[in-house]
Amino acid sequence: WPLALRFIKGAIHGAIILPMLLHAAFAVIIVVLDHNIHDLGLPASIVFRNQTSYNRFWDGRNYLTVIITCVRNLTRSFLANSHRSPVADRIETERIIRILIAILYATKNHLRADWGAEIIPGTAINPSTGNATLTPEYSDLLPKGLYGCDDRGLGLVLQLTFFVEQYIKKGFDKGAFHAPQASQMQVQLNTLVDAYGRMETIRLTPIPIAHLYSRPISLTPWRISRK
């Protein structure tokens, strides 16, 4: 930290030293006059943090609802168009329905960093210990012989969407879905992937660096008043 105090060419110390001193003097005056200064500084910091956290929570809930809605729409469309299909096609439809359900669980586990469900069927890798833990919801949902690519940056959710898109393509080629219907299914699948990507953005985006710098300044008067 002593390096931060050096006045070198290109530094902004000279431009901000006076405002910083005035701000510090004002904070000291307020502390002397009113020992309840923590009622001002601390809530300002907490409100910003809470607002940011709530926005992330609310946006994440909305995107999760989008994923659930897309799964429901695709499931309804697949089942409604398979009632007159041959037995082999109905079995394939049921397999895809199970994959759609697995997408919901995979979304939850991916956002929680529970990897490896496709490596050992019915399990997930604990990120802290590296041990496999039982996740029975996957037991009958994942395709047989699925090879996981989590270690190479491809999440299980995206892997499973390939099976769904292949099913839509095969159904269109067989005449089970007409062109507008297949296009609408593709839109639903694309919307699902988009919502999943936005949830990843929420998980991976850190707290703004400006807040990390301003938080100590906001809390300094409160700390002084508590001594």
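I began with G60, which counts as buried because its relative accessibility is 15% (buried is under 20% relative accessible area, exposed over 50%, partly exposed in between, with a 1.4 Å probe and protein chains only). The model is predicted, so I kept in mind that local features need pLDDT of at least 70 and side-chain atom pairs pLDDT 80 or more, while totals for chains, interfaces and linings use all residues. Residues are numbered from 1 along each chain as its sequence is written, and side-chain values use heavy atoms, without hydrogens and water.

I placed G60 in helix α2 (helices are DSSP runs of H or I with at least four residues, numbered from the N terminus). Leaving aside neighbours within four places in sequence, I found G60 in contact with M199 and I202 (contact is heavy atoms within 4.5 Å). I also looked up G60 and R198: they are 138 residues apart in sequence, with 8.1 Å from C-alpha to C-alpha.

Next I took helix α3 (residues 87–111) and helix α5 (residues 179–204), whose axes come within 10 Å and cross at roughly 15° (axes are lines fitted to C-alpha atoms over the stretch in contact, with angles from 0 to 180 degrees between N-to-C directions). That makes α3 roughly parallel to α5 (angles under 35 degrees). From α3, I103, T107, H110 and L111 meet L192, Y196, M199, E200 and R203 of α5.

Last, I checked the largest nonpolar core and noted 29 residues, with L74, F78, L100, I103, L160 and V164 having the most contacts inside it (such a core is a set of buried Ala, Val, Leu, Ile, Met, Phe, Trp, Tyr and Cys residues joined through side-chain atoms within 4.5 Å).

How values were computed
Helices (H or I, at least four residues) and strands (E, at least two) are DSSP runs, numbered from the N terminus. Angles under 35 degrees count as roughly parallel, over 145 as roughly antiparallel, 65 to 115 as roughly perpendicular and the rest as oblique.
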